[in-house]
Amino acid sequence: GGGAASLVLAALLRHGVRDLRIAVVDPVHRRGQDRTWAFWDQPGNELDDLLSASWSQVEVITPDAYRSLDLAPLRYAMLRSGPVYERAAEAERRLGVTRIVAPAEGLDDDGERVLVRTGGDRPALRAGWVLDSRPRPPGRPGRTNWLQHFRGWWLATDRPFFDPQRAVLMDFRTPQPARGVSFGYVLPVDSRYALVEYTEFSPRLLTGAAYDAALAGYQALLGLDPARCTVREVENGVIPMTDGPFVARPSPRVVRLGTAGGATRPSTGFTFSAMRRQADQIARALAAGQPPVPAPAYPARHRWMDAVALRALDRDLVGGREFFGRLFDRNPASRVLRFLDGATTVAEDLAVMRSTRLLPMVTASVGDAAGRLHDRLAPDRRPPWSPPPPVVGDEPPADAGVAR
């Protein structure tokens, strides 16, 4: 898959990997701006010159509180896909990559080599290793299955309106769905241009008209006059939020990347930072002559905490606005962000857990333990979970958008 491959190829070039025969197999040759990644990291790395914008100050807003958060030593950053694809194209040229513009329809792994079947009359490929970022369902159905789904408008205003020094990370003043949580999101590139987004964490997608109505409502909440704004671009996306486990190593010489490899954080949908870590670990391993197998995207204890948090939200044991508000109220912003990125220590995890209401989380933990016991004693016979389709007659949200 070309999306995750772009990060891997750039990392291979950066780590000086040479003398590998590499093929990228994808039915689409990605170019230009087809998605936006938003993530946090520390300044002074290989992405600095590719970023569209970054912020050391962000806002988290609920109906009863406004929080201005200093992220130091971290920053929140926006990276559009165009510069990433350009860097990957440079890496392809310098590494002598073969590009196969076709779908990978099947993988046959005999333990020594992998046969990649591309369908039709095209010859198959054989590879020592396959890094597979094609979408895949979890290895078993999740006990809780939500989606992060969103639509964003790139808005240009006819006068200065946005503060380019601050991003709005979560604005929970949006009308809340009957089941789930919603929030607005503002990433300003400059005083007249910003990505304004409506996001839901919930089990079901909306119609296109409903996303537009929600965005128009959020635009009004921000005080933006539609007559003085122009929608330059639209971005959509759907990201799974499930406690179903993704199988990162389905066979000896196949390694899954991205969401299929467990890089999506179940409780938030954040993906990019883990994908970037995976790419860097793969490049380092290949440079050292080792198998290109990255570490798990998140510690096992974090996957358990995500499952508990998802259950608490899904069973309405806690409200989404309250849950995230308490996290940011009772912890330094950098700790919350590192926790969401899977980079906190056990002591910091305990501090984060103490931020939540005890009884609902204990109830969710007991329910999660009972669900795990049920899975061991009576495995679920349901078919693998996949995101529900959009409403018939409405355009589907694209599989491209803000991949946090």
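Here is a friendly conversation about a predicted model of a protein chain.

Reader: What makes the protein chain agree with a compact globule?

Author: Start with the number of residues, 404. A compact globule of that length would have a radius of gyration near 22 Å, and the protein chain has 21 Å, so the two agree. Along its principal axes, the C-alpha trace spans about 60 × 60 × 45 Å. Within it you will find nine helices and 17 strands.

Reader: How do you know where domain 2 and domain 3 are?

Author: Their bounds come from a domain assignment. It places domain 2 at 145-242 and domain 3 at 300-377, while domain 1 is made of 3-56, 80-141 and 244-288. Between the C-alpha centres of domain 2 and domain 3 there are 26 Å.

Reader: What makes you say that domain 2 and domain 3 are in contact?

Author: Contact asks for heavy atoms within 4.5 Å. Eleven residues of domain 2 and eight residues of domain 3 pass that test. Together the two domains bury about 850 Å², with 77% of it on carbon and sulfur atoms.

Reader: Why is the pair Asp 314 and Arg 179 called a salt bridge?

Author: The rule wants a side-chain nitrogen of Lys or Arg within 4 Å of a carboxyl oxygen of Asp or Glu. For Asp 314 and Arg 179 the closest N and O atoms are 2.4 Å apart, so the pair qualifies under that cut-off. Between domain 2 and domain 3 the count is one salt bridge. There are also three residue pairs in polar contact between these domains.

Reader: Which strands supply at least two residues each to the side of domain 2 that touches domain 3?

Author: Those are strand E13 (166-171) and strand E16 (229-242). The residues on that side divide into seven nonpolar, three polar and one charged.

Reader: What makes Pro 73 and Asp 19 worth a look?

Author: The bond from Ala 72 to Pro 73 is cis, with omega near 10°. Pro 73 sits in the loop between strand E5 (65-70) and E6. Asp 19 is not a glycine, yet its phi is positive, about 60°. You can find Asp 19 in the loop between helix H1 (2-14) and strand E1 (23-25).

Note on methods
Residues are numbered from 1 along each chain as its sequence is written. This is a predicted model: local features need pLDDT of at least 70, side-chain atom pairs count only at pLDDT 80 or more; totals for chains, interfaces and linings use all residues. Side-chain values use heavy atoms; hydrogens and water are left out. Domain bounds come from an automatic or database domain assignment. Buried area is the accessible area (1.4 Å probe) that two parts lose on being put together, summed over both. A polar contact is a pair of N or O atoms within 3.5 Å; within protein, one must be able to donate a hydrogen and the other to accept it, and residues adjacent in sequence count only if both atoms are side-chain atoms. Helices (H or I, at least four residues) and strands (E, at least two) are DSSP runs, numbered from the N terminus. Ala, Val, Leu, Ile, Met, Phe, Trp, Tyr, Cys and Pro count as nonpolar, Asp, Glu, Lys and Arg as charged, and the others, Gly among them, as polar. The radius of gyration is taken over C-alpha atoms; the globule rule is 2.2 Å times the number of residues to the power 0.38.
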